[in-house]
Amino acid sequence: MSTAIPKAVLYYSPDSAWSSSVLLALEEKGYAEDEVDLKIVDLSKGENFSVSFLRLNPKATVPTLVVPFRDSVADDAETRYKALTDTKAIIALLDQSRSPLSKTRTTSTAPAPTLAPATVAFSATSNALLDILHAEEVSPETLKFINARDTASLKTLAKTISPLLVGRQKALAEYIADSEAGRVQASEKVKRFWQDKQSETEALLAVLRAADKDDAALDSAEKTKREEFFAKAKEVWQVAVKNAVVKLNKEITGPYALGDQLSVVDLSLASWIFEVVKLAGGSAEDDGSTAIGRVERYLDVALPKDFRVADARQKDGAAVNKLAGLWDGLRSRGSWKVYKR
Ligand SMILES: N[C@@H](CCC(=O)N[C@@H](CS)C(=O)NCC(=O)O)C(=O)O
């Protein structure tokens, strides 16, 4: 195998939900380990905000897939490489680059099932489901950062996410100081981006720093911030996430999102629902009824049961909801190891 062919590079974080969807895609599409270079971006060290990463992805997010154009003769990196920064686009590209018909640039002999929806009707359902999953208001990051409903859970949240946010602030301060001292060259746009991220992070940290105080001990500014935080959390969890879960459960076909075959939707759905289950206290080891049961209790919602799912999953006739059936289906696959770290 010639090493002269430039490889695609996946920048990812093991802690990022959407990165896991791309790792799932690599597994399900049968890519060999040597076909894509995997590079970890440490979000707790703010590596995604470094000048070099921002050059690849100005939005500073993972996953980011950098793909070489094999036939390009240009010398500048910008035209020889393309960086994909949207999870859906990355998965679509990985799906197309390894197909049952053409095995171009692949060293693996594993099957390459097509994950794109096969018909116009499936495609419409697929897009509708992906829109629900990738809506900004229910982004995995929002869910993770706004996961508290009372003083006790706020304390727990502060312990869980403060290290990440403090690390990010430290990195941002260093990048800003380096650019002010002329040690790194950063455009005005990049400097503004760093400052915006700093203020955004500071706003959240202010709430978390006061998490140990009882309501009565808060000064009026802290009290307002805490109330705003809880109001936002309620909107996110009790409205947006609840609606999304109910809709997903209704719209998916079962056992997988579009029926019997795994598709691109399942790859996004797996990571999103796993994030929700995790934040509701569950784990990758839970079976479908346990995992989705936790979500139902957490959101105070009862999802309708579906007898077809019961048949498909052979649950001794006991009806389960479609999301529980889907979870069991996904959990039985080898690729589920992505969530078991
Ligand atoms: N629209 C992007 C969103 C990706 C995204 O928001 N990724 C999160 C992790 S799941 C991230 O990189 N956050 C940056 C940070 O934590 O600083 C996509 O679809 O891939």
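Buried here means under 20% relative accessible area. Keep in mind that this is a predicted model.

Q: What share of the 341 residues in the protein chain counts as buried?
A: Buried residues make up 49% of them.

Q: Why is Val 241 called buried?
A: Its relative accessibility is 0%, and the cut-off is under 20%, so Val 241 counts as buried.

Q: Where does Val 241 sit, and what does it touch?
A: You'll find Val 241 in helix α9, which runs over residues 220-251. Leaving out residues up to four places away in sequence, Val 241 touches Val 138, Leu 143, Val 236, Trp 272, Val 276 and Leu 299. A contact takes heavy atoms within 4.5 Å.

Q: What makes helix α13 mostly covered?
A: Nine of the ten residues in α13 (residues 322-331) are buried. Among them are Leu 323, Trp 327 and Leu 330, along with Lys 322 and Asp 328.

Q: How many helices and strands does the protein chain have?
A: There are 13 helices and four strands.

Q: Why is the protein chain called as compact as a globular protein of that length?
A: The globule rule gives 20 Å for 341 residues, and the radius of gyration is 22 Å. Those values are close, so the protein chain passes as that compact.

Notes:
Residues are numbered from 1 along each chain as its sequence is written. This is a predicted model: local features need pLDDT of at least 70, side-chain atom pairs count only at pLDDT 80 or more; totals for chains, interfaces and linings use all residues. Side-chain values use heavy atoms; hydrogens and water are left out. Helices (H or I, at least four residues) and strands (E, at least two) are DSSP runs, numbered from the N terminus. The radius of gyration is taken over C-alpha atoms; the globule rule is 2.2 Å times the number of residues to the power 0.38. Buried means under 20% relative accessible area, exposed over 50%, partly exposed in between (1.4 Å probe, protein chains only).
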